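I opened the model to go through a few local features one at a time. My entries follow in the order I looked things up.

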Amino acid sequence: MSKTVFIETLGCAMNERDTEHMIAELNAKEDYVQTDDSRTADLIIINTCSVRERPVHKLFSELGSFNKYKKLGAKIGVTGCTASHLGRDIIKRAPYVDFVLGARNVSKISEIIHKPKAVEIDIDYDESQFAFKEFRGSVNKAFVNISIGCDKACTFCIVPKTRGDEISIPTDLILQECERATEAGAKEIFLLGQNVNNYGRRFSGDHEKVNFTELLRRISKIDTVKRIRFTSPHPFHMDDEFLEEFAKNDKICKSMHMPLQSGSSAILKMMKRGYTKEWFLNRAKKLREMVPNVSISTDIIVAFPGETQEDFEETIDVMREVRFDQVFSFKYSPRPLTEAAEMTNEVEAEVGSERLAYLQGFQNSVTDEITNGHLGKTFEVFFEEKRDGGFIAGRSDNNILIKVEADESLLGSFAKVKVIKTGRMSQIGEIIA
Ligand code: SAH
Ligand code: F3S
């Protein structure tokens with residue numbers, strides 16, 4: 001009988017894909033199948049995130065409870081960015097942990113489970129040409145990695161220290177994976193990388209020059225690929241060629257993530273983001289002109305060290321001008337191994353909380369205006385998941401989440417949907433064709 005593995009996945013889409021890769025390897029090479037019950041599992045893995053501090057505290061309390069309630073003899077492993085960052089310290093603090101596997105060492109999962117107390121966290125390890133076995137959590141939407149690591153050095157961000165330098169995955173491997181996934185039924189390809197539009201910066205072997213724009217062109221030529229999304233692009237690399245391809249290629253979904261971080265050029269400089277407020281506004285304006293129905297989402301950090309009230313107001317200024325469809329906002333959290341952690345001009349915690357609350361309130365009113373505008377409009381929706389209450393949910397090509405009352409036969413198909421009720425998180429619609 002197969003053994004079972006329970007994996008809890010925290011953090012970003014890249015982690016979700018790493019989890020799928022681990023399940024695939026464990027299934028093909030070790031006869032494990034996935035379970036959602038940690039108490040009966042033979043192997044428990046937490047695939048961690050270390051971008052902000054809170055999940056790190058949570059990790060140890062969770063590990064403790066997994067250990068307490070696990071089946072006798074079950075193994076516990078820690079993988080992902082916190083594994084890369086804390087390494088053997090995890091086993092020192094929680095001695096019952098059996099192995100620690102870094103975010104850039106996922107391909108070694110089927111070996112490490114046999115090595116007691118092993119720690120493999122080499123951030124120079126090159127997995128870019130590793131042919132992972134197949135497993136996908138969703139049949140409709142396929143995550144495909146296009147690069148690993150990140151070559152930027154944003155001063156607040158720990159990721160380059162946990163996922164290492166950027167290496168692009170060979171174009172042929174990506175195209176093959178897109179073909180395989182869509183021939184197996186997926187309609188949507190979701191390309192993943194920390195900085196997707198820097199694709200082609202470095203390959204591990206000899207490789208023709210292919211940049212992100214060219215990669216998008218080639219993927220869109222695959223017949224079975226119906227929709228392409230990607231995350232995350234970097235505003236610095238949004239050149240005209242890329243925006244033009246984004247605008248004219250019908251298979252590319254008209255939804256762009258543009259992580260702003262701050263609207264103040266002075267803070268952006270301290271963050272080493274490589275662009276100014278003006279550049280960001282110029283790119284967003286150009287994008288809206290070229291693709292009038294585009295939805296733009298962003299990430300913002302408030303209370304970065306040295307952020308004055310004026311700096312903060314510049315961020316609000318950009319929000320007012322761009323009118324983001326969705327904003328993921330965070331209070332700055334100092335991370336070890338980063339440059340910003342050495343900065344001594346911290347913003348008081350209370351001021352940070354006030355700014356975050358103000359910013360979120362501001363965005364909520366923008367979001368409400370935008371979503372109210374959807375009422376009565378019709379969108380082409382790709383249905384991908386079941387929701388409570390007899391709903392099936394999907395997204396329009398410009399990323400509006402719409403659910404309709406329907407049965408499961410709708411999953412995996414496209415339909416024209418009219419929005420009949422709007423809400424901040426999702427819209428309710430009815431199928432008209
Ligand atoms: N390149 C990746 C970035 C991963 S981190 C991507 O674009 O997805 C995701 C977001 O977390 C960042 O865009 C940033 O807004 C936020 N973040 C990163 N480090 C942070 C820190 N030290 N404190 C608060 N938020 C942070
Ligand atoms: Fe982090 Fe900046 Fe890279 S946010 S992942 S260092 S682009």
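Entry 1, the hairpins. I started at the turn between strands E16 and E17, which form a hairpin with four residues between them. In that turn, asparagine 399 has a positive phi of about 70°. The model is predicted; local features need pLDDT of at least 70, side-chain atom pairs count only at pLDDT 80 or more, and totals for chains, interfaces and linings use all residues.

My strands (E, at least two residues) and helices (H or I, at least four) are DSSP runs numbered from the N terminus. I take two strands as paired if DSSP finds at least two bridges between them. E16 (residues 391-396) and E17 (residues 401-405) run antiparallel and are joined by five bridges. Glycine 394 stands opposite isoleucine 402 in E17.

I then looked at E15 (residues 378-387), which is antiparallel to E16 and joined to it by six bridges. Here phenylalanine 382 stands opposite arginine 395 in E16. This hairpin has three residues between its strands, and glycine 389 in the turn has a positive phi of about 80°.

I listed the buried residues of H9 (residues 240-248) as Phe242, Leu243, Glu245 and Phe246. They lie on the same side of H9 because they cover an arc of only 160° around the axis, taken from the directions from the helix axis to the C-beta atoms. Their cover includes helices H8 (212-220) and H11 (277-290) and strands E11 (227-231) and E12 (255-257).

I located threonine 155 in the loop between strand E8 (147-148) and helix H6 (159-163). Threonine 155 is buried, at a relative accessible area of 2%. Its side chain reaches the backbone oxygen of methionine 270 at 2.8 Å. Leaving aside neighbours within four places in sequence, I found threonine 155 in contact (heavy atoms within 4.5 Å) with residues including Met271, Phe304, Glu339 and Met343.

Among the residues around ligand 2 (a heavy atom within 4 Å) I noted Cys150, Cys154, Cys157, His234 and Arg273.

Key:
Residues numbered from 1 in each chain as written. Chains lettered and ligands numbered in written order. Heavy atoms only, no water. Buried < 20%, exposed > 50% of the residue type's maximum accessible area, 1.4 Å probe, protein only. Polar contact = N/O pair within 3.5 Å; in protein donor to acceptor, adjacent residues only side chain to side chain.
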